[in-house]
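Please keep the model open while reading the numbered points.

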Amino acid sequence: MFVARSIAADHKDLIHDVSYDFHGRRMATCSSDQSVKVWDKSENGEWHCTASWKTHSGSVWRVTWAHPEFGQVLASCSFDRTAAVWEEIVGESNDKQRGLSHWIKRTTLVDSRTSVTDVKFAPKHMGLMLTTCSADGVVRIYEAPDVMNLSQWSLQHEISCKLSCSCISWNPSSSRAHPPMFAVGSDDSNVAYGGKVQIYEYNENTRKYAKAETLMTVTDAVHDIAFAPNLGRSFHVLAIATKDVRIFKLAPMRKESTSTGPTKFEVQIVAQFDNHNSQVWRVSWNITSTLLASSGDDGCVRLWKANYMDNWKCTGILKGDGSPLTGSSGQPTAMSTVVGSSVQASQSALNGMSAGRYFFPPLDPPRAGTRYGHLLPPSSLIENCDVEPIQPQQQVLPHRLSSRALLPLPEAEGQ
Amino acid sequence: MEEVDVEPPVTVSTGSAAGKHLGFAWGPGDILVYETLYKASGAKGSGSPFIHEVRKDEDIYSPILRKLFNESHHIFVGLQTIREDLPSKNKKPQFVSISKNYRSVIRACMEELQQVAGRHYLFMLPYNNCVSILLAIELIWNLCEVLFIDAAPAGSLLLHLLDWVRLHKADVDEKARDVLQSESPAEHESYWDVVLGYVLQGRLEEARQMLVKQASLHPAARNMFKLMDTLLSKMPFYNPSGTQTLTEFDVKWRHWHEEVDRCLQDNSFASNQHLEAICKILVGDEDTLLEHKDLLSTWYHFLVTRLLFCHPTVKPTELHYYAQSCLTMFLDSRSAPEPLDSILLAAFEFDIHQVIKDCSIALNNWWFVAHLTDLLDHCKLLQSHNLHFGSNLREFLLLEYASGLFTHHSLWQLAVDYFDHCPEFGRVYLELQIERVPLDTERKALKVLRICEQRQMSEQVRSICKIMAMRALRNNRLGSALSWSIRAKDAAFATLISERFLQDYCAKGTFSDLDLIDNLGPAMLLSDRLTFLGKYREFHKLYGEKRFREAAKLLLSLMTAKIAPRSFWMTLLTDALPLLEQKEVGSVVLLIVFSCMSVT
């Protein structure tokens, strides 16, 4: 791993959240400076800030993108007890030339009486639905019934979790095998109050969300929670950031046909890591759920991976060093050709050369013009992969056939 | 992969005091990290200047390695389509040939990298790293081919191992060239190194030719040189395609071995230390071999040479004894075995699983283990080791490799084929990842769509079309939005866009994108509003062609079928009015007016 590039974020205060959009070409950042910035990635990989605006009257905790099926839509939540929905307006042509875009507020959700700690969109197959959770222990689910009119949101569900909420995560699975489900984490620090993770499930009959499960073994404050992408499994995987990193497996137990209550789950802990040796604040899965990242009080980000036998291991650590960027250090030592010498195992990440742990001592490279020429593959095997040129969006030229204007009475007709 | 030690931390320079937390966000192919502070109750702090993009894999961005990925993809797909029903013995030569193909691709890459590295000193270090890794990969692959895929029996085994060593020890030839091009080769400082090098590699014919030059310088010792020449020429080499059995060869070889030993005991070469050394090598004397460590340079060269001169009929099952002892003998007490050594040792022990495991740990990119494991699985070698997760291992590695490719702007297309050949999770991985391919252009979107349509991934098709439709609509390109909605079979969206068309018409008096609307065909039936739009346009055409009666009839049917939106009735009535002037349609129009009135 290495640092490929550094972007000057230019926020005037701490950044609290960074969120990639669905395709990984745009990113949103939010900060205690009460603003949100939107960044666009150009063809050469450079990030440009295309919008920056004040969103709230308090620190902005989280920012999240809606699925691109709904257009370019962002939601933010803040200490100022509100959450807001923003939509990008296709700008004037001179704005586009300057690489700027405008975002306007579509709605402010003011139902919470305390700081809104998390905001998440529900999986797209449920429509355009937004969920917030607050320090007052209430989870609110809003829906925009008309995707083309984002100023109309209705509060569909208000769920009281009894404990101060810090995070929510929807189960991303769109399988019809199970109803919509989300998990809520509480950062209430009183261990006597029982399980700090609650799972809610939608009930088709009552048309309401009901609590399906409380993870009683999680008694410490929970700071973050994340369902893994489903991958067609019959069970669900949930990662939790609490005093350590925990991964749970939730296997739905078969329901009797007469049962109308929520699904019962068999809950198993799959892994538990205390390597951070301190509070864990964030957990998040990559797209294929093969990697989990966690961030802790120790100032590190750790990456966790399961091998093909489902054993979890830490496969990497990222750490801030608190010092200005130095020049490249840790050049590999001079190598001798006798076996027994070793390559510098920990190639420095800052010089960007090593992409990993190359442990092989250099063997004599074959000289040019050796007898390996006959091993070159026939040219028919050499394929060219066409590189996609990034073209500006094509304008569909409207066909302008001259058609009769029908509204005014044609004088020449029908005498 | 049990005892993987944690990688040393990648230190991200944050430019300010330590004690801050590190926030992160997963991206395609990278992870963004930034300095922050998590606190239960609001945290404030000094501005954090940077967001850092951290990446894991550099390889996929290398233009030369791209060739490796492209060509090996081609070989991979070919391998998958080998018919399962052929008996194994017919397939072995095919598998060996495929293995050789893979290796030649590696070599081609290596050559190219070396050429580029040679051009500019700035490229040298990273490219040389890459070259040495590719070299190691090819070395391991070659050994796996010899031991596992070709599975040479005793006799041939040693010959293949000899080839293997010769292929990876090029410096003898280079030195030989230098020596031969000099004025007096026999007096060149590297002369004896070359001769010994040849002998150690079992290239006795070439050794003899070199010795002739030395012999001519020492006419007095002519007999001694002649004796050596004879010994060298008489060394038996097993011929697998000949009529001689292995036992017969063994007998012959022992005879020769005894003869060489006799010469040694007789001190026939005592007066020339070099010839004496050669004689000792021929008899397989370990100490002499070890004295020439610098010429052997690796323990596996030592292993093969030792086997050549001690036990040429070595059986595959006996290899690991010799391998372990050679490794121990060759490395002095100070140095520990390198990962490459462990991998080769595992190969000699026929522990395929260990080979794969160690390679996975030591290498960053999954390319090597994924392709090699796939090939070994096709040779049914993973099952034979009683691994119930054998084919799971194959799939696991292929999924890892292909997922890595997916983040690349053009290599993702190769990844699709790999997912196709992963029966258990390939499809769901593909579904998840193909949705994320950025749809920069219509052409790219169509490419992605074709892939999804070919695999009946209807949800992904719908989603991509919807995204494109939405994007078009936001940019007010109604025609494009409509055609994408139709492709998405999204009735609701088609309705919405049709409404916009109609609104536009009301506002401007003309239609845009007439070409599209005129050619809707059966797609018109997707939504009522769309049907209305199409038919309404048809009405205009008829009117324009002065086919007033048909136009009026169409207008009537539009109203009676109730697919005309109420908001549009005024417009329709207004359209109907001029038709009143037309004699033959007057009655029809009256009907229209009456039907309007009857409904309100």
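1. Helices (H or I, at least four residues) and strands (E, at least two) are DSSP runs, numbered from the N terminus. With that convention, Gln34(A) lies in the loop between strand E3 (26-31) and strand E4 (35-41) of chain A.

2. The model is a predicted one, in which local features need pLDDT of at least 70, side-chain atom pairs count only at pLDDT 80 or more, and totals for chains, interfaces and linings use all residues. Residues are numbered from 1 along each chain as its sequence is written, chains are lettered from A and ligands numbered from 1 in the order in which they are written, and side-chain values use heavy atoms, with hydrogens and water left out.

3. On confidence, the predictor assigns the complex an ipTM of 0.83 and a pTM of 0.83. The pLDDT is the predictor's confidence in each residue, from 0 to 100. Chain B has a mean pLDDT of 86, with 89% of its residues at 70 or more. Residues 1-5 of chain B have a pLDDT below 50, and beyond near neighbours in sequence this stretch has twelve contacts in the model, a contact being heavy atoms within 4.5 Å. Residues 384-390 of chain B also have pLDDT under 50, and the model gives them eight contacts beyond four places in sequence.

4. The two chains may be described in turn. Chain A contains one helix and 25 strands, and 53% of its 415 residues are buried. Here buried means under 20% relative accessible area, exposed over 50%, and partly exposed in between (1.4 Å probe, protein chains only). Of the contacts in chain A with a separation of 6 or more, 43% are between residues 24 or more positions apart. Chain B contains 29 helices and four strands, and 57% of its 600 residues are buried. Of the contacts in chain B between residues at least 6 apart in sequence, 61% join residues at least 24 apart.

5. What does Gln34(A) touch, not counting residues up to four places away in sequence? Its partners are Trp53(A), Lys54(A), Thr55(A), His56(A), Ser57(A), Gly58(A), Ser59(A) and Val60(A). Gln34(A) has a relative accessible area of 23% and is therefore partly exposed. Its C-alpha atom is separated by 25 Å from that of Leu155(A), 121 residues away along the chain. Asn230(A) is in the loop between strand E18 (224-227) and strand E19 (236-241) of chain A. Its relative accessibility is 12%, so Asn230(A) counts as buried. Leaving aside neighbours within four places in sequence, Asn230(A) is in contact with Pro172(A), Ser173(A), Phe235(A) and His236(A).

6. A nonpolar core is a set of buried Ala, Val, Leu, Ile, Met, Phe, Trp, Tyr and Cys residues joined through side-chain atoms within 4.5 Å. In soluble globular proteins, nonpolar side chains tend to be buried together. The largest nonpolar core has 197 residues, of which Trp164(B), Trp299(B), Leu344(B), Phe348(B) and Phe368(B) touch the most other members. Helix H3 (residues 121-149) of chain B supplies the largest share of this core, 17 residues. A second, separate core of 19 residues includes Ala241(A), Ile247(A), Ala271(A) and Val283(A).

7. Phe368(B) may be examined individually. Apart from neighbours within four places in sequence, Phe368(B) is in contact with Ile137(B), Ile140(B), Trp141(B), Cys359(B) and Leu363(B).

8. One helix pair in chain B is formed by helix H4 (residues 156-167) and helix H13 (residues 299-310), which pack at an angle of about 145° with their axes 10 Å apart. Axes are lines fitted to C-alpha atoms, for helices over the stretch in contact, and angles run from 0 to 180 degrees between N-to-C directions. From H4(B), the contact involves Leu158(B), Leu161(B), Leu162(B), Trp164(B) and Val165(B), and from H13(B), Tyr300(B), His301(B), Val304(B), Leu307(B) and Leu308(B).

9. Helix H18 (residues 390-406) of chain B holds Leu405(B). Leu405(B) counts as buried because its relative accessibility is 1%. The C-alpha atoms of Leu405(B) and Leu345(B), 60 residues apart along the chain, are separated by 31 Å.
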